[in-house]
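Me: Can you walk me through the contacts in this one? I'd like to take it one piece at a time.
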Amino acid sequence: MEVSRHWRLQEQRYKLVGETCDNCGVKLFPPRDVCLECAAPAKELYTFTGLGEVYSYTTIYDAPAGFEQQAPYSVALVKLEEGPIVTAQLTDMDEDEMYIGMPVEMVTRKLRTDGDEGMIVYGYKFRPVQFEMAVK
Amino acid sequence: MTDFNKLMKPDRPVGIVGYGAYVPRFRIPAKEISQMWTNGVGGVPIQEKAVNGLDEDVATMSVEAARNALLRGQVDPQDIRAVWVGSESHPYAVKPTSTIVAEAIGAVPNTLAADWEFACKAGTEAMQAGIGFVGSGMARYALTIGMDTAQGRPGDALEYTAAAGGAAILLGPADEAVAIINASYSFVTDTPDFWRRAHAEYPSHGDRFTGEPAYFKHILGAAEALMSEMGTTAADYDWAVFHQPNAKFPERVGKQLGFSMEQIKPGLLSPRIGNTYSGSSMIGLTAILDVAEPGDRILMVSYGSGSGSDAFDLTVTDKLPEVRANAPTTEAYIARRKEINYATYTRYRDKLKMS
């Protein structure tokens, strides 16, 4: 497992830290350093609110290596309220609860473990908005 | 003779400036467990316990509780000088949980981070150290967490109660606090009532030895000494919370100290979520803070096997009602409930041998 790669992605994975474009105000996730809209440099860090909605979803029964123990699980394209769409697992819900447009919030969860002795990788997942104050 | 008494009081007054709870959504009823091992014959110590999901551990649960504490505390995470996580189920044997939490809440790099261990009182001993840290002026804020995904051997008495959950308490200057900590006290002896050896998957315990010489002796010792030094009796407190290994022990120890059921009820969560170990007394305190009014006085006493108790005397301030609704209540987490059967429980708790 690439320990250094996980470490490098930690900030965006734990906290949804992306970037914002000084020129046109577009928010970027993941951070790319160049604005996708106006091609201006976009290096200012921006922490996303973690709120968004399900744009589309699917359920994984035949999981890739490292995720077998979690199957079946749901993966969604989540449209963040600031605009970008991210791919992430859904959690804290039953499969029959999912629908397109479902309001979701970011949580930090265990993504995978590298066997019994390797590192534990943490990062963002999304769940249905659980409590009223979260949407304030 | 100095005026140095048994109480622990910092030079500068310290209080709780933010608090947050976390309980995972899965519940296994105790009757489901007794059905597995005793054909459902005999009594059970609680109704049900909270179980963490496959993607949850003490790090992820601490992050959510810490975020709730920050929502109420409204402090800049960069002003936190200590992130201390007390648990007996840290995800790694070597590698701090606390650095993961500190990173996720944005408190790095200008902070201490450490993992604490003292069976079920690891979180409250971090709180006492945090009081000293803030009270001495070394830190403006210290984040202390008690959180567990407790282990119970299949078929053992502890399997009915060993649960997942806990709370984060953000300590800071008393003038910003939702509750001022008037004093605290700690009472410890070498009492081997419960332990887990290195590499052992499940803890061992001394059965009935965990009662009188362990839980009751230490909680009574800590509570009586604190109240004696403070010149208080049970009647001076509006609320009390004790470590909750089951439903019976905290009720009994409360009664012995002169507390009524009304005083301990809001913080007595074990019947519905089980024993959250390092989180147990602290999450009870969060449930009390969810209902307490300015001026209310609270007694909290933890218990950790091995053994010791930390006792705290707190007074709620006018600020509590202003911040309470900034994060989900502890009861809201308890109401979020998905019942699972024993088979699902064995999978979620990694009890299935896959090879």
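Me: How many residue pairs are in polar contact between chain A and chain B?
Reply: This is a predicted model, and in it 17 residue pairs are in polar contact between chain A and chain B, counting those with both residues at pLDDT 80 or more.
Me: Which elements of chain A supply at least two residues to the side that touches chain B?
Reply: α2 (10-15), β9 (103-113) and β10 (120-128) of chain A each do that. β9(A) gives the most, with 5 residues.
Me: And what's the make-up of that side by class?
Reply: The side of chain A that touches chain B has 10 nonpolar, 6 polar and 9 charged residues.
Me: OK, how many salt bridges across the interface of chain A and chain B?
Reply: The rule finds 8 of them there. One pair to look at is A:Glu97 with B:Arg25, where the closest N and O atoms are 3.9 Å apart. That pair counts because the cut-off is 4 Å between the side-chain nitrogen and the carboxyl oxygen.
Me: How many residues are in contact, and how much area do chain A and chain B bury between them?
Reply: 25 residues of chain A are in contact with 27 residues of chain B. Together the two chains bury about 2,200 Å², with 48% of it on carbon and sulfur atoms.
Me: Switching to chain B on its own. What domains does the assignment give?
Reply: Two entries come out for chain B: domain 1 (14-178 + 337-346) and domain 2 (181-322). Their centres, taken over C-alpha atoms, are separated by 16 Å. Domain 1 of chain B puts 55 residues into the contact, and domain 2 of chain B puts in 50.
Me: What area do those domains bury between them?
Reply: About 3,800 Å², of which 62% is on carbon and sulfur atoms. On the domain 1 side of chain B, the residues losing the most area to domain 2 are B:Tyr19, B:Cys120 and B:Val178, together 17% of what that side buries.
Me: How many salt bridges and polar contacts between the two domains of chain B?
Reply: There are 2 salt bridges and 22 residue pairs in polar contact, with both residues at pLDDT 80 or more. B:Lys121 forms a salt bridge with B:Asp310, with 3.0 Å between the closest N and O atoms.
Me: Which elements of domain 1 each supply at least two residues there?
Reply: For the side touching domain 2 of chain B, they're β1 (14-22), β3 (48-51), α4 (122-135), β6 (141-149) and β7 (164-173) of chain B. By class, the residues of that side divide into 28 nonpolar, 15 polar and 12 charged.

Note on methods
Residues are numbered from 1 along each chain as its sequence is written. Chains are lettered from A and ligands numbered from 1 in the order in which they are written. This is a predicted model: local features need pLDDT of at least 70, side-chain atom pairs count only at pLDDT 80 or more; totals for chains, interfaces and linings use all residues. Side-chain values use heavy atoms; hydrogens and water are left out. Domain bounds come from an automatic or database domain assignment. Contact means heavy atoms within 4.5 Å. Buried area is the accessible area (1.4 Å probe) that two parts lose on being put together, summed over both. A polar contact is a pair of N or O atoms within 3.5 Å; within protein, one must be able to donate a hydrogen and the other to accept it, and residues adjacent in sequence count only if both atoms are side-chain atoms. Helices (H or I, at least four residues) and strands (E, at least two) are DSSP runs, numbered from the N terminus. Ala, Val, Leu, Ile, Met, Phe, Trp, Tyr, Cys and Pro count as nonpolar, Asp, Glu, Lys and Arg as charged, and the others, Gly among them, as polar.
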